[in-house]
Amino acid sequence: MNDFSKEREAILKTIQEGSDSQGVAATSKETPLHYRKLQTYLLLLYQAYLRTEIDLEPTLKMALWRMVQFGEGFREKIEQTQFDILQKRPDRITEDWEQAKEVLFPLAAPTTAKQLATSKENILKEYKEMAHLLLDSPI
């Protein structure tokens, strides 16, 4: 079992333990960890998007936008990621979706994704699964 598999199992266990026997959400002190995990997976997927390795589904795009609205620190990470990968200073991300999507997702849908190694393709697939799992969790 590799390190990623161990980390994935730990995350799944944390999510499953995040609710009590009646399905009531965990205490608020556990919530920031949930959001930090989700932000991490979204940021990794966003980096792959900017490198034209993957295309993001609408659900993940909306989650990224909500996280940008949720915290200034995450907005700064997104802007820095754009600068690092695209080598241009991004416009300020606004609160309006129509304007924000042009800044957040500057690339047209890639018609030809880069050929990725199977291992990297599998890792990106697992990142997407974990992001969806975290988005669907009751926390």
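Reader: Why does Gln82 count as buried?
Author: Gln82 has a relative accessibility of 3%. Buried means under 20% relative accessible area, exposed means over 50%, and partly exposed lies in between (1.4 Å probe, protein chains only). Gln82 therefore counts as buried. Residues are numbered from 1 along each chain as its sequence is written, and side-chain values use heavy atoms, with hydrogens and water left out. This is a predicted model, in which local features need pLDDT of at least 70 and side-chain atom pairs count only at pLDDT 80 or more, while totals for chains, interfaces and linings use all residues.

Reader: Which residues are in contact with Gln82, leaving aside its neighbours within four places in sequence?
Author: Contact means heavy atoms within 4.5 Å. By that criterion, Gln82 is in contact with Tyr46, Leu50, Gln87, Lys88, Pro90, Val103, Leu104 and Pro106.

Reader: What span is expected of helix H4, and what span does H4 reach?
Author: Helices are DSSP runs of H or I with at least four residues, strands are runs of E with at least two, and both are numbered from the N terminus. The expected span is 1.5 Å times one less than the number of residues. H4 (residues 72-86) has 15 residues and reaches 21 Å from its first C-alpha to its last, close to the expected 21 Å.

Reader: Why are the buried residues of H4 said to line one face of the helix?
Author: The buried residues of H4 are Phe74, Arg75, Ile78, Glu79, Thr81 and Gln82. Seen down the axis of H4, these residues fall within an arc of 155°, so they line one face. The arc is that of the directions from the helix axis to the C-beta atoms.

Reader: What makes the span of H3 agree with expectation?
Author: The 13 residues of H3 should span 18 Å at 1.5 Å a residue, and the end C-alpha atoms of H3 are 18 Å apart, so the two values agree. Buried in H3 are Leu60, Ala63, Leu64, Trp65, Met67 and Val68.

Reader: How is the packing of H3 and H6 described?
Author: Two packed helices are described by the angle between their axes and the distance between the axes. H3 (residues 58-70) and H6 (residues 118-136) pack at about 65°, with axes 11 Å apart. The axes are lines fitted to C-alpha atoms over the stretch in contact, and angles run from 0 to 180 degrees between N-to-C directions. H3 contributes Thr59, Leu60, Ala63 and Arg66 to the contact, and H6 contributes Lys128, Ala131, His132 and Leu135.

Reader: Why is Glu57 called partly exposed, whereas Lys128 is called buried?
Author: Glu57 has a relative accessible area of 26%, which places Glu57 among the partly exposed residues. Lys128 has 18% and is therefore buried. Glu57 is in the loop between helix H2 (31-50) and H3, and Lys128 is in helix H6.

Reader: How many residues apart in sequence are Glu57 and Lys128, and how far apart are they in space?
Author: They are 71 residues apart in sequence and 9.5 Å apart in space, C-alpha to C-alpha. Residues within four places in sequence set aside, Glu57 is in contact with Lys128 and His132.

Reader: How many helices and strands does the chain have?
Author: The chain has 6 helices and 0 strands. Of its 139 residues, 34% count as buried.
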